[in-house]
Amino acid sequence: MRAIILLGAPGAGKGTLADGIKAASRFQHVATGDMLRAALKQGTPVGREAEAFMKRGELVPDEVIFKLVEARIGAGDDGFMFDGFPRTLAQAERLDALLAAHGGKVDHVFLLDAKRALLLSRLTGRRVCRACGAVYHVVNIPPRRAGVCDACGGELYQRADDQEATIANRLDVYERQTAPLIAYYERQGVLTRVDAARERRESVAAIVAAAADRGR
Ligand code: ADP
Ligand code: ZN
């Protein structure tokens, strides 16, 4: 089982890159944030448990996240791209164990490096399709028609946690709880840095090419 991870602060562009990588490879996209928002919309127990944490920009408890991920990793599948997961050391260790149980490991971790100013402008301008989850930006990636998804015609909206007050907390949470994963994966020799300010098309091509190599 192959596995790559997109690591980076909120706003670094994990979701947009993931869309491009998905189109150019056979990786199955596992985005815990998207899964949580879907659970919330459906009003499942997981969704209800996650809601308050997400609104505040805090992390949802590891156990909740792990239940979601474990249910998603089928035995028959081969090749996962994790986006927004893992976000804590405990999650990273559990993922290593889960992959090992399926005869796999983390092959590559792509760290999207970005300055805080870039993250802020991306997050405040971000709009998401309510129907298909496609991601836009009012300035950088505008839809052809304002407020309407190019892909499916769905309505674009601003996520509740993309309000400025919550954004600052999410960036702090990233520094405190998720940034330690950089050293964790550096030690494993699987970390590659990607400049988040780079042209999206170039980054997608570079990641797809690097991921085609099985890693060490
Ligand atoms: P972003 O990377 O822009 O913050 P996500 O969609 O990945 O957006 O995550 C949105 C929210 O969902 C997070 O702020 C957090 O509350 C929750 N979340 C998503 N993934 C995880 C995870 N792996 N562990 C804990 N909480 C998570
Ligand atoms: Zn759409």
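Me: Which residue meets Arg 193 in a salt bridge?
Reply: In this predicted model, the side chain of Arg 193 lies 3.1 Å, N to O, from that of its partner.

Me: Which residues are joined into one network by salt bridges that share partners?
Reply: One bridge, between the side chains of Arg 159 and Asp 161, spans 3.0 Å, N to O. Both Arg 159 and Asp 161 are buried. Salt bridges that share partners join into one network Arg 126, Arg 159, Asp 161, Asp 162 and Arg 170.

Me: How many residues apart are Asp 172 and Arg 116, a pair that links distant parts of the chain?
Reply: The side chains of Asp 172 and Arg 116 meet in a salt bridge at 3.7 Å, N to O. Asp 172 belongs to helix 7 (residues 164-178), whereas Arg 116 belongs to helix 6 (residues 116-125). Asp 172 counts as partly exposed at 36% relative accessibility, and Arg 116 counts as partly exposed at 41%.

Me: What is the arrangement of the 4 donor atoms around the zinc ion (ligand 2)?
Reply: The zinc ion (ligand 2) is coordinated by the SG atoms of Cys 129, Cys 132, Cys 149 and Cys 152, at 2.3 to 2.4 Å. In sequence these donor residues follow the spacing C-x2-C-x16-C-x2-C. Because the donor atoms subtend angles of 100 to 116° at the zinc ion, the arrangement is tetrahedral.

Me: What covers the buried residues of helix 5?
Reply: The buried residues in question include Leu 95 and Leu 98. Among the elements that cover the buried residues of helix 5 are strand 1 (3-8), helix 4 (62-72), strand 3 (80-83) and helix 8 (180-187).

Me: Is Thr 32 buried or exposed?
Reply: Thr 32 lies in helix 2 (residues 32-42). Leaving aside neighbours within four places in sequence, Thr 32 is in contact with Ile 65, Val 69, Asp 83, Gly 84 and Phe 85. At 3% relative accessibility, Thr 32 counts as buried.

Definitions and conventions: Residues are numbered from 1 along each chain as its sequence is written. Chains are lettered from A and ligands numbered from 1 in the order in which they are written. This is a predicted model: local features need pLDDT of at least 70, side-chain atom pairs count only at pLDDT 80 or more; totals for chains, interfaces and linings use all residues. Side-chain values use heavy atoms; hydrogens and water are left out. Donors are N, O and S atoms within 2.8 Å of the metal (3.2 Å for Na, K and Ca); water is not among the atoms, so sites may look incomplete. Four donors count as tetrahedral if all angles lie between 85 and 135 degrees; four count as square planar and six as octahedral if opposite donors are over 155 degrees apart and all others between 65 and 115; anything else is irregular. Buried means under 20% relative accessible area, exposed over 50%, partly exposed in between (1.4 Å probe, protein chains only). Helices (H or I, at least four residues) and strands (E, at least two) are DSSP runs, numbered from the N terminus. Contact means heavy atoms within 4.5 Å. A salt bridge is a side-chain nitrogen of Lys or Arg within 4 Å of a carboxyl oxygen of Asp or Glu.
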